[in-house]
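This report looks at the pockets of one protein model and at the annotation recorded for its chain. The sequence and structure come next.

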Amino acid sequence: MLLQIRNLNVYYNTLIGWIKVLNDVNLSVEKGEMISIVGESGSGKSTLGHTIARILPPNSKIQGDIVIDGVNLAKLKDSELQKYRGTWVFMIFQNPLNSLNPVKKVGFQLLEAAKIRHQRDGKKTDEESLAKEVIEVLKDLRLPDPYSIVDRYPHQLSGGQVQRIVIAMALLLKPKLLIADEPTSALDVTIQAQVINLFKQLNRELNTSILFITHDISLAYIIADRVIVMYAGRIMEDGKVEDVLKSPMHPYTQGLVASIPTGDKNQSKLNAIPGNPPSFFALPMGCKFNPRCNKVIDICKQKEPNIIEKNGRRVRCWLYE
Ligand code: ATP
Ligand code: MG
């Protein structure tokens with residue numbers, strides 16, 4: 001087991017008071033697992049990523065445990081986190097420029113990443129071999145002309161190139177856990193496919209565990225072995241991606257799956273789930289999905305179901321309790 005999240009609650013302080021944006025999140029990740037986290041906008045996906053990477057903004061509060069390789073990151077002070085950020089947990093953002101320093105050349109930043117890993121692993125390596133390693137990684141990523149790329153500043157690269165530089169950084173750091181938050185949504189489709197293959201390669205060759213955040217459940221199918229469905233800050237369903245897509249248990253997941261475009265032109269309209277996710281300031285009583293659910297029963301409006309586990313699947317729904 002690489003990561004174990006137990007009873008995690010996360011709150012933000014806003015202008016009109018505290019909101020609880022993650023509620024009772026429990027999640028175990030094995031070494032080498034490739035997991036996709038899906039859910040509509042505002043369901044708390046990025047908050048979950050930022051919480052694990054311990055990069056939440058100051059107006060936030062964490063309760064619960066986030067244990068990676070025996071270290072409870074949730075209990076560490078900011079001053080103690082330095083050692084773990086980036087090297088244990090590395091996060092890639094939708095805008096890859098957020099992962100890079102705008103005033104330092106790309107080559108310098110990649111060299112730093114390689115150096116940090118060698119230090120972490122207790123190796124003493126000279127600059128020359130580190131530089132060779134950087135160039136090798138860039139060649140592996142099929143970046144054209146790596147010698148010219150290392151000499152540029154991040155803003156002098158295209159979006160797809162920057163995202164590949166950030167992946168190069170991950171390859172050099174070899175983090176225990178990589179969290180990628182919509183890393184391909186700003187790229188055009190051909191580059192998107194290349195970048196996705198790089199994540200798969202990273203996962204296969206280095207056995208890196210990856211949490212891949214996306215609102216697109218069909219992308220989750222392409223990339224991940226396991227999918228976690230979030231709604232209003234809760235995990236609603238969790239299981240092998242084939243199982244969840246073939247036979248979604250939660251009515252919310254059923255709605256997401258039904259809304260995947262089939263590619264059939266006769267499909268007259270997309271089957272969007274009616275209504276909108278609730279505001280964290282006015283969550284409904286009972287199951288948070290009940291106002292939009294087409295299988296709602298009385299109890300759903302009164303009491304929130306627990307998440308229950310059955311045959312390696314988890315679901316939070318009264319239909320199964
Ligand atoms: P998206 O798909 O749009 O990226 P998401 O699933 O990543 O959505 P989050 O960004 O985690 O969702 O946001 C969850 C909730 O927390 C939202 O209601 C959002 O407005 C709120 N939120 C996020 N960051 C903050 C913050 N720094 N301060 C206050 N509220 C926040
Ligand atoms: Mg987000």
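## Domains at the largest pocket

Domain 1 (3-88 + 175-278) and domain 2 (102-173) each give at least three residues to the lining of the largest pocket. The model is a predicted one.

## The largest pocket

The largest pocket holds about 620 Å³ of space. Its lining is made up of 23 residues, and those closest to the centre are Arg85, Gly86, Phe90, Ser99 and Met169.

Three elements each contribute at least two residues to this lining: the strand β6 (89-92) and the helices α3 (106-120) and α6 (159-173). The greatest share comes from α3, which supplies five residues. By residue type, the lining of the largest pocket has 12 nonpolar, seven polar and four charged members.

## The second largest pocket

In the second largest pocket there is about 280 Å³ of space. It is lined by 15 residues, and His215, Leu256, Ser259, Ile260 and Ala272 are the closest to its centre.

Seven of the residues lining the second largest pocket are nonpolar, five are polar and three are charged.

## The annotated span

An unreviewed UniProt entry carries the annotation "domain: ABC transporter" for residues 5-257.

Notes: Residues are numbered from 1 along each chain as its sequence is written. Chains are lettered from A and ligands numbered from 1 in the order in which they are written. This is a predicted model: local features need pLDDT of at least 70, side-chain atom pairs count only at pLDDT 80 or more; totals for chains, interfaces and linings use all residues. Side-chain values use heavy atoms; hydrogens and water are left out. On a 1 Å grid over the protein atoms alone, a cavity is a set of points where a 1.4 Å probe fits but cannot get out, and a pocket is an open set with protein on both sides within 12 Å along at least five of seven lines; lining residues have an atom within 4 Å of a point. Grid points are joined across faces, edges and corners, and a volume is the space filled by probe spheres set on the points. Helices (H or I, at least four residues) and strands (E, at least two) are DSSP runs, numbered from the N terminus. Ala, Val, Leu, Ile, Met, Phe, Trp, Tyr, Cys and Pro count as nonpolar, Asp, Glu, Lys and Arg as charged, and the others, Gly among them, as polar. Domain bounds come from an automatic or database domain assignment. UniProt positions are given in the numbering used here, feature names are shortened, and annotations may be inferred rather than shown by experiment.
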